[in-house]
Each structure stands twice: as structure tokens, then as C-alpha cells.
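Dear colleague,

I am passing on to you the structure that follows, together with notes on what was found in it. Please look through it first and then read on.

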Amino acid sequence: WHHVARRQINIREMELHWYSNNYSQLAAQGAMFAGFAFTQLTTPLNGKASAALQYTYMLCTAFALGFQLCVCLSSTFCCIFGRGLALRGPHGARSVHVAVDNLRKEQKLVFTQFLLGGLCYLFSQMSQLFIFRKPVTAIIISVVLAVFFFMIVYNTIEITAKLQVSETVAITGQIKALGPYERIKDLDQEIYAPLDRSMYATTG
């Protein structure tokens, strides 16, 4: 069963690299959107625009920046600590399973934050048009952006429906039958571990 256990770890390693690459891509794209949003926040507004429009613009931009920063930080932490747990965890193969499973669970939340950040950024851009441009020009460009927005939504739904694997049918590299063997402690660690003196304490 040593060969089977080794193959299991190889497959889990592939899963670990796949999740890490996903987080790296999300972090890179999120950092780009966050940079755009930060630039917009530091740009002076046109005083002629209404207060409601300016507040809408600032709120959408702030939400876009916040969501994308969450994506960057979460992705960075998942890559660093997930790989660290898999490589240096105290429970061997069980640590690898815990790392991969938690990376899988966090991916959906991080991806949702990325989509929300992109949506807020789009609304921010549309609000900015009405602040800095003439109404007719702003309406025309907003219609074009709305068309592309619906195209993005349609493509996202279509690609997700065709390629995404549901959690209920997804197959992982973990072999449940090897679970009892993975709970066996390391003999070297047990031999050279400090003695627990409380076990040898005598009662007076």
C-alpha cells in the first residue's frame, strides 16, 4: 500500500498546485482592479455634479477597492499558509488533506468577492461618466458598457455551466481507505519526543 499512498500524495500535490495557481491569478487580477479603484479615489471630482451622484461614485469605488483588496489578501494567505501546512504540517498526509480541502472551500468565497469587486468597479465607471462628461455622451458610453456587462455575465454563466465541476460530484485525490494508516504516529518523533512527566507523577 506504500505505492498507493505515494500516488495519493502526488495527486494531492497536483490539486495543491492547481488551487495555488487559481489564487495567484485572482490575486494578480484583483491587484490590477484595486490599483484602478485607488486611482479613481484620489482623482478630484467635478463640483458641478450632484451630491447623490458623487456619493454613488465614491461608494462604488470604495466597495470595488475593498473587495479586490480582500481578494489579494485572502489569496496571498491561502497560498502561503496552505502550502506551508501541506509541506510542514505535523500530521503528514493528514495535513496535506486539510490544506487542500480548505483551499477548495475558500476558493468560492474569494471568487465571489472578485466578481462583486468587478461589478462595483463597472458601476463606478458608469457613475464617473456622468460626473466628468456631458449627459448625452455619458448615456451613450453607459449603454455600450451595459451591453458588454451583459455579455460578460452571459459568458461567465455559460463557461461556468460547461466547465465547473459541482461539489457533489467532484473527485479528490484522497483515498478514504488509507485514513486509518495516516493516523499512525511517526515512530522517530515518538521516540525522541520529550517525556510527559505527568504520566509518571505519583500521588502522595
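What percentage of the 204 residues in the protein do buried residues make up? The share is 27%, where buried means under 20% relative accessible area, exposed over 50% and partly exposed in between, with a 1.4 Å probe and protein chains only.

Please keep in mind that this is a predicted model, in which local features need pLDDT of at least 70 and side-chain atom pairs count only at pLDDT 80 or more, while totals for chains, interfaces and linings use all residues. Residues are numbered from 1 along each chain as its sequence is written, and side-chain values use heavy atoms, with hydrogens and water left out.

The secondary structure comes to six helices and zero strands (DSSP runs numbered from the N terminus, with H or I over at least four residues for helices and E over at least two for strands).

The largest nonpolar core has 14 residues, and Tyr23 and Leu103 have the most contacts inside it; such a core is a set of buried Ala, Val, Leu, Ile, Met, Phe, Trp, Tyr and Cys residues joined through side-chain atoms within 4.5 Å. Helices H1 (2–41), H2 (51–88) and H3 (93–132) each supply at least two residues of this core, and H3 gives the most, with six residues. Leaving aside residues up to four places away in sequence, Leu103 touches Leu16, Tyr19, Tyr23, Cys78 and Gly82, a contact being heavy atoms within 4.5 Å. A second, separate core of six residues includes Ala34, Ala37, Ala64 and Tyr121.

Tyr121 also belongs to an aromatic cluster with Phe33, Phe36 and Phe114. The structure holds eight aromatic pairs (rings of Phe, Tyr and Trp, the latter by its six-membered ring, with centres within 6.5 Å; planes under 30 degrees apart count as stacked, over 60 as edge-to-face and the rest as tilted). The rings of Phe149 and Phe150 have centres 5.4 Å apart and planes at 65 degrees, so this pair is edge-to-face. Phe149 is partly exposed, with a relative accessible area of 23%, whereas Phe150, at 57% relative accessibility, counts as exposed.

Finally, the protein exposes about 14300 Å², of which carbon and sulfur atoms supply 68%, with accessible areas taken from the Shrake-Rupley method with a 1.4 Å probe and, for residues, only the protein chains shown counting as cover.

With best regards
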